[in-house]
Amino acid sequence: MHQFRSQLFQALRHGQHELTHMESKVLGFYAHRPGATQSDLVQHTGRDKAQLARLIKGLRERGLLHGEADAADRRNVRLQLTAEGQAIQRALRGQAKALEAQAVVGLAEEEKAQLLALLRRVQDNLDA
């Protein structure tokens, strides 16, 4: 897992988009939850509010996130990916899928299923 993440982070840093790990996580969050607020992100990640505010500001300045004031509470800003942010998110998912495919080359479908089941058990054990 360490090697997988290392290669993925290296692709982020040195790829055409030059994203940090946290920037990619923020883009992924808003890709799956368009219209969520910064507070939603803080609650989801447990990260420092000020750190996330700086990340969001930078992504907005780069044109990757767009925000609109909430109709019910204008103090809240609803964020979503811009077209460029969506394109980058698709590219990141493509890179991850390619790396995932490379990681299981030579494994039979039954072996892949067994690996997935074992990894889920490990995760369940850690979550308990």
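In what order do the elements of the protein run from the N terminus on? I read α-α-α-α-β-β-α-α. That is six helices and two strands, taken as DSSP runs (helices H or I, at least four residues; strands E, at least two).

A note on the source: this is a predicted model, where local features need pLDDT of at least 70 and side-chain atom pairs count only at pLDDT 80 or more, while totals for chains, interfaces and linings use all residues. Residues are numbered from 1 along each chain as its sequence is written, and side-chain values use heavy atoms, with hydrogens and water left out.

Next, I looked up the overall dimensions. Along the principal axes, the C-alpha atoms fill a box of roughly 55 × 40 × 20 Å. I found an accessible surface of about 9,100 Å², 50% of it from carbon and sulfur atoms (Shrake-Rupley, 1.4 Å probe).

Then contacts (heavy atoms within 4.5 Å): among those with a separation of 6 or more, 49% join residues 24 or more positions apart.

I checked burial too, and 25% of the 128 residues count as buried (under 20% relative accessible area, 1.4 Å probe, protein chains only).

Last, I searched the whole structure for aromatic pairs (ring centres within 6.5 Å) and got one. Why is the pair of Phe-29 and Tyr-30 edge-to-face? Their ring centres lie 5.0 Å apart and their planes stand at 90°, and edge-to-face means planes over 60 degrees apart. Both partners are buried: Phe-29 has a relative accessible area of 5%, and Tyr-30 has 1%.

Notes:
Buried < 20%, exposed > 50% of the residue type's maximum accessible area, 1.4 Å probe, protein only. Phe/Tyr/Trp six-rings, centres within 6.5 Å; stacked < 30°, edge-to-face > 60°.
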